[in-house]
Amino acid sequence: MTTCIPAGTGKLHFRARDFNAQGCRKASWVTFSELSWSRGVSKFLQIQRCNSSQSPINESSKPFRTVTSSSLSDGSTKYFDFTVIGSGVAGLRYALEVAKYGSVAVITKAEPHESNTNYAQGGVSAVLCPSDSVESHVQDTIVAGAYLCDEETVRVVCTEGPERIRELIAMGASFDHGEDGNLHLAREGGHSHHRIVHAADMTGREIERALLEAVLKDPNIFMFQHHFAIDLLTSQDGSETVCLGVDTLNTKTLEVIRFISKVTLLASGGAGQIYPTTTNPPVATGDGIAMAHRAQAVVSNMEFVQFHPTALADEGLPVKPSKPRENAFLITEAVRGDGGILYNLDMERFMPLYDERAELAPRDVVARSIDDQLKKRNEKYVLLDISHKPRDKILSHFPNIAAECLGGGLDITRQPIPVVPAAHYMCGGVRAGLHGETNVQGLYVAGEVACTGLHGANRLASNSLLEALVFARRAVQPSIDHMKSSSLDFSASTWWSRPVVPMSLERNVINKILTITREVRKELQSIMWNYVGIVRSTTRLEAAEQKIHDLEAKWEDYLFRLGWEPTMVGLEACEMRNFFCCAKMVVSSALARHESRGLHYTIDFPHVEESERLPTIIFPCSSVKSTWSSRQLHNQPIC
């Protein structure tokens, strides 16, 4: 039995999506009174299961002895008070706080700096100007989110944002200041005021730098880089699912390392790589969302994939890159906020034809407008021109963009920038309450992997880093409380079967698996771009659903015929299963929404419908007859 709560106060109906590998689209409707998204997650989003087992973490007044060294391990198993999956702004900010109370493992898939945070150019939105107000920021967020945002969550984030900025500054983050000595506040699309704190056009990089410096100095935080998170470790405590850590693959040594902890924060970012053109780095393969789904966590609003309107269109550069980029180069929203104008290739300004806010309209509007221009005119890109602004201001505000374009033979102080939309941000994710809690006990989420209710159907520019900072901080106290009231059974490591590296398979077999997996990855990305893009239709979504189902079945059959076992792990194979898991959730959620709202636009239901102003909920699937991507590699311990 599953239970759903509404994202707002009052008596509301909410769509509950039953999701499985076959992509069935039956919907059920659940009603609750006087419940909110943020207050009810832990209490009401409980997954009821037939089997129950003892959890190795038990409530106890006896404190668990603090681990002061990562050497508390048996080699392949490590024990910590807190495990953080992800090294972006959310994971690092959280780690710095909980490290005051216990040992912390920070697990990162690649280098610590390789995260979506590091690629964030624009800045962090916060009310720091006397002429601005929290109420104005709240309204801008709700309007951009197409009125699907949870208002309580929005108010919390907008209210606490300024203090989170001050904390970053106190930690050493350096932001741009104006001639008056105050912070220079930029304006971006969808914002009614100048409220974007930034470090030129490399804000994320500066925040990441400051946080990483602090983390590396903290003796209670241990960084495990090149550790790919495979699956969360869970067990049943009565009707509740409890998270007890995570299995990882050291991609350098090919060892499976198990982390046992009392609290786990999932801050692993988004899933932009399920599309072929994305601003996200290669590590953004939806691992966290997929792992959480397999671990019985509730997922929400996966249909709302944000396409950034302006990624650099390499084919429009005078000098083309020598090889394709792993991820598209972002042209920040702040260029339009600073006066940049969009033109088609005939130098005709087009945004006023689509929206009275023109270039300052929210991202979903601008992306659809560009998409419409490209299709109508059969062109590959449009032009973003900032050259009418003073040269020195352009170079001071956008030095990184100017340098990147100059490398392609284009001077942005004199020439327009070729741009095209690219997959950028997942507004949906693991459903979280006001303190980052999920329906899985001991599992918290923050950052892009989470669906907190802040973004609704479309994220307002520069609200992503803000959300990560606020929820990382809000998850701290309940995490500490959970850690202090729990004790850890050191025999827990043996309660689950371990994933295995396929050493038994011959090299030529591994090469065949890698080759087919890379081909399947490209094919899945192509399906998502062509059938589940900026403008959708029921026919094309249904075609995508079938194509993905067939492709996954073909891939799994090929692997298993070559001797691959369900418990085997490899980086690219495990990423591929996460690709399939996330892609299916996006398509399934999109098919369930019979309206066009925010980032989800379908020609079959082109208007907003008040009756559809509901979050889409994906409940955990049964492991019976599910595909490899939809089930955990290990079995939950059963007593």
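Student: What makes strand β4 (residues 77-85) and β5 a pair, and in which sense do they run?
Tutor: They pair in the parallel sense over four bridges. The cut-off is at least two bridges found by DSSP, so four bridges meet it. In one of them, Thr 83 has Ala 105 of β5 as its bridge partner.

Student: And how does the chain get from β4 to β5?
Tutor: Through helix α2 (residues 89-98), in a right-handed β-α-β crossover. "Right-handed" means that, with the strands pointing away from the viewer, the path from the first strand over the helix to the second runs clockwise. Helices and strands here are DSSP runs, numbered from the N terminus (helices: H or I, at least four residues; strands: E, at least two).

Student: What should I know about the model itself?
Tutor: It's a predicted model, where local features need pLDDT of at least 70 and side-chain atom pairs count only at pLDDT 80 or more, while totals for chains, interfaces and linings use all residues. Residues are numbered from 1 along each chain as its sequence is written, and side-chain values use heavy atoms, with hydrogens and water left out.

Student: Why is the pair of Phe 224 and Phe 259 called edge-to-face?
Tutor: The ring centres lie 4.9 Å apart and the planes are at 75°. Rings of Phe, Tyr and Trp (its six-membered ring) pair if their centres lie within 6.5 Å; planes under 30 degrees apart count as stacked, over 60 as edge-to-face and the rest as tilted. Both values pass, so edge-to-face it is. Phe 224 is in strand β9 (residues 221-224) and Phe 259 in strand β12 (residues 255-266), so this pair ties together parts 35 residues apart in sequence. Both Phe 224 and Phe 259 are buried.

Student: What kind of pair do Phe 350 and Tyr 354 make?
Tutor: Their centres are 6.3 Å apart and their planes at 90°, so this pair is edge-to-face too. Phe 350, at 1% relative accessibility, is buried, whereas Tyr 354, at 29%, is partly exposed.

Student: How do you know that a charge sits over the ring of Trp 628?
Tutor: The test asks for NZ of Lys or CZ of Arg within 6 Å of the ring centre and within 35 degrees of the ring normal. The charged end of Arg 577 sits over that ring, 5.0 Å from its centre. Trp 628 also belongs to an aromatic cluster with Trp 555, Phe 560, Trp 564 and Phe 580.

Definitions and conventions. Buried < 20%, exposed > 50% of the residue type's maximum accessible area, 1.4 Å probe, protein only.
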